[in-house]
Amino acid sequence: MATQLRFRSALALVTGAGSGIGRAVSVRLAREGATVAVCDLDGAAVHETVRLLGRPGSEKGASCGAHAAFQADVSEAGAARRLLEQVQACFSRPPSVIVSCAGVTRDEFLLHMSEDDWDRVISVNLKGVFLVTQAAAQALVSSGCHGSIVNISSIVGKVGNMGQANYAASKAGVIGLTQTVALELGRHGIRCNSVLPGYITTPMTQKVPQKILDKVFRAIPMGRFGDPEDVADVVAFLASDDSGYITGASVEVTGGLFL
């Protein structure tokens, strides 16, 4: 079956694109015709992602425009603003698809969690999504363009998780932020949805102790951990016109995980 080109002529910005879900989303959007601006704090990793996207017109990559890599710490307001400015300067337009995948973990039980670990996770996972969403929305509204924003939350933001008070709080915040953005920006033709992955095989989940992974595995009815591509499939749907009447939604991609 021929690959759909739902994003022909679209410009997409993906943060956290150096690995895992962010990289898979970038590859998927490029395969469907998007020009992709990939961003990560790890400059080497994000350049590797661009290499994987292929050259414009190749079988690997998009059919329009050259992809580009950007390095930024999305938890810093100035960096987030500069990122959008650089993307617009590079492509002469704001991105119409924005996918916030950047995230970190600093796991510890509540009784022992440091303030620094709390602040860092909230700063990247929640504040970073806010800053990128705000800057992208401002660019879209000022240019009169419509768009689709997809924020990566987590099932942990809905049900909590032992040792992840900071991560759960940040991802729950992403859900609330997404719903509010959807309410505020619908009149501008901008949709905003979130995706709640379960246990996906990424560098982040590879840090989880094996005994915890074994327990989680038994709680997944579909009998396997998810792949980043499973999440990318849903992101592509929410970013495309196929979901044109969906906004403020939170879509779980968990294999039926019950915690």
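Predicted model: local features only at pLDDT ≥ 70, side-chain atom pairs only at ≥ 80, totals over all residues.
**Reading strands, a core and salt bridges**

Biologist: Which way do S1 and S2 run, and how many bridges join them?

Modeller: S1 and S2 (residues 35–40) run parallel, joined by five bridges. S1 has another partner, strand S4 (residues 97–100). Four bridges link S1 to S4, again in parallel. In that pairing, Ala12 stands opposite Val97.

Biologist: What lies between S1 and S2 in the β-α-β unit?

Modeller: Helix H1 (residues 20–31) does; S1, H1 and S2 form a β-α-β unit that is right-handed.

Biologist: How do I read the side chains of S1? Which residues point one way and which the other?

Modeller: The general idea comes first. In a regular strand, side chains alternate between the two faces of the sheet. Here Leu11, Leu13 and Thr15 point one way, while Ala12 and Val14 point the other. Both sets are buried. S1 (residues 11–15) is thus mostly covered, with five of its five residues buried.

Biologist: Which residues have the most contacts inside the largest nonpolar core?

Modeller: Val25, Leu29, Val99 and Val195 do, in a core of 32 residues. At least two residues come from each of S1, H1, S2, H2 (43–53), S4, S5 (147–152) and H8 (228–239). H8 gives the most, with seven residues. Now take Val99. Setting aside neighbours within four places in sequence, Val99 is in contact with Leu13, Val14 and Thr15, then Val25 and Leu29, and finally Val150 and Val235. There is also a second, separate core, of 28 residues. Ala37, Ala68, Ala102 and Ala136 are among its members.

Biologist: On to helices. What span should H6 have, and what do its end C-alpha atoms give?

Modeller: H6 covers residues 165–185, which is 21 residues. At 1.5 Å a residue, H6 should span 30 Å, and its end C-alpha atoms are 30 Å apart, so the two agree.

Biologist: Which residues of H6 are buried?

Modeller: An α-helix has 3.6 residues a turn, so residues three or four places apart point the same way. In H6 the buried residues include Lys171, Val174, Thr178, Val181 and Leu185. Tyr167 and Ser170 are also buried. Their cover includes H4 (115–143), S5, H5 (156–159), S6 (190–197) and S7 (250–253).

Biologist: Last, charges. How many salt bridges does the structure hold?

Modeller: In general, side chains of opposite charge can pair when their charged atoms come close. This structure holds nine salt bridges. One joins Glu32 to Arg6, with the closest N and O atoms 2.7 Å apart. That pair links distant parts of the chain: Glu32 sits in the loop between H1 and S2, Arg6 in the segment before S1, 26 residues apart.

Biologist: Are Glu32 and Arg6 buried or partly exposed?

Modeller: Glu32 counts as buried because its relative accessibility is 2%. Arg6, at 24%, counts as partly exposed.

Biologist: Which side chain meets Asp233 in a salt bridge?

Modeller: Arg28 does, at 2.1 Å from N to O. Asp233 is in H8 and Arg28 in H1, 205 residues apart. Asp233 has a relative accessible area of 38%, so Asp233 is partly exposed. Arg224 and Asp230 form another salt bridge, at 3.0 Å.

Biologist: Which residues are linked in a network of salt bridges?

Modeller: Arg6, Arg28, Glu32, Asp233 and Asp242 are linked in this way.

Technical notes. Residues numbered from 1 in each chain as written. Heavy atoms only, no water. Buried < 20%, exposed > 50% of the residue type's maximum accessible area, 1.4 Å probe, protein only. Pairing = 2+ DSSP bridges. Right-handed = clockwise from strand over helix to strand, strands pointing away. Core = buried A, V, L, I, M, F, W, Y, C linked by side-chain atoms within 4.5 Å. Contact = heavy atoms within 4.5 Å. Expected span 1.5 Å × (residues − 1). Salt bridge = Lys/Arg side-chain N within 4 Å of Asp/Glu carboxyl O.
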